[in-house]
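These are notes on one annotated site and its surroundings. Please read them with the model open.

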Amino acid sequence: MDAKAVGFIGLGNMGFWMAINLAKKLPVNSKVHVFDIVQTLVDDICAKHPESIIGCSSPKDVADKSDIIITMLPEGKHVKAVYIGPNGICSSDIGQKLLIDCSTIDTASFLEVKDHVTKVFPCASFYDAPVSGGVIGAERGTIAFFLGCAEDNSKDIQELRELFSLMGNKVIPCGGPSLGIAAKLSNNYLSGIIGIAASEAMDMGMKSGLDPRVLAQVYAAGTAQNTICDRFNPVPGIYPDAPSSNGYQNGFKVHLMKKDISLALDMARRVGSTNVLGSVGLQTYTEASEDERCKDLDSRVVFRYLGGNENWQPDNKNEN
């Protein structure tokens, strides 16, 4: 890529590391202009890369100074506020700029913002590109982007691929506008349900006398193999880098999984899809997100919520 001024709004668990990777990998003389409502996050990231990351006072300030603007926000209401609210991105003259929303939100909110951008700034480009891969992936630069445009249907596809390669290792064009979000909601629905199933399966095997490390090997070798058990195992001590092995910190928070499953179920109802497990999954994450032992922790803390034994290691005599 040529030297660019890139804006990044939303420095949460994922966005912080995505912006850090941009600062590290963009061409020399590029600048990353950042904003978050939590000023300490802005101060922290600017201190880490004072030469290339510049703090801004508002979304409009970011847009004024940037050629490309990326947003990574929790919910649809935040995306609407950042883009079309007072002092938002659309308060700036965004002309022919490239706008990318990496948030996982409802498709209706995205399309509302896109319609506004298209109406007011017809030459600007606005894409949905939610990401997957967790905080570990964001930090390591291995996340995947689900891009809401077709492979052969975007004048910006090459620039988008180059930009995303600085933060991740995979780009999947999913079709037209909002289909990246639809893909992500489908992905997170499946991931959330697997998180519950993995917790239950590990728990029943452990209570039957199996070493959880053996169980993990069994799942990896058999038809139950899945990424959650392989890299995000809900049982502490199975995968060292998993949030569970670090007090369920720095992962995809349980209240966000509740939000995404709720959004996925709304989408399913709109398109007429039947979801047998969805209501139970939503109830489980809702209750876990309100449990004092689990709230604000990684979503795989459902293992704790369901009564799993986190302290299995001191009692385990078998070394496998």
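1. Thr104 is buried, as its relative accessible area is 9% (buried means under 20%, exposed over 50%, partly exposed in between, with a 1.4 Å probe and protein chains only). The residue sits in the loop between strand E5 (98–101) and helix H5 (107–120); helices (H or I, at least four residues) and strands (E, at least two) are DSSP runs numbered from the N terminus.

2. The model is predicted: local features need pLDDT of at least 70, side-chain atom pairs count only at pLDDT 80 or more, and totals for chains, interfaces and linings use all residues. Residues are numbered from 1 along each chain as its sequence is written, and side-chain values use heavy atoms, with hydrogens and water left out.

3. Leaving out residues up to four places away in sequence, Thr104 touches several residues, including Leu73, Pro74, Lys184 and Asp260 (contact: heavy atoms within 4.5 Å).

4. UniProt, in an unreviewed entry, places the feature "active site" at Lys184. UniProt positions follow the numbering used here, feature names are shortened, and annotations may be inferred rather than shown by experiment. Lys184 belongs to helix H8 (residues 179–207) and counts as buried at 5% relative accessibility.

5. Beyond its neighbours within four places in sequence, Lys184 contacts Thr104, Pro130, Val131, Ser132 and Phe146.

6. Strand E7 pairs with strand E8 (residues 143–147) in the antiparallel sense over two bridges (strands pair if DSSP finds at least two bridges between them). H8 packs on the sheet and touches E7 and E8.

How values were computed. Axes fitted to C-alpha atoms, helices over the stretch in contact; angles between N-to-C directions.
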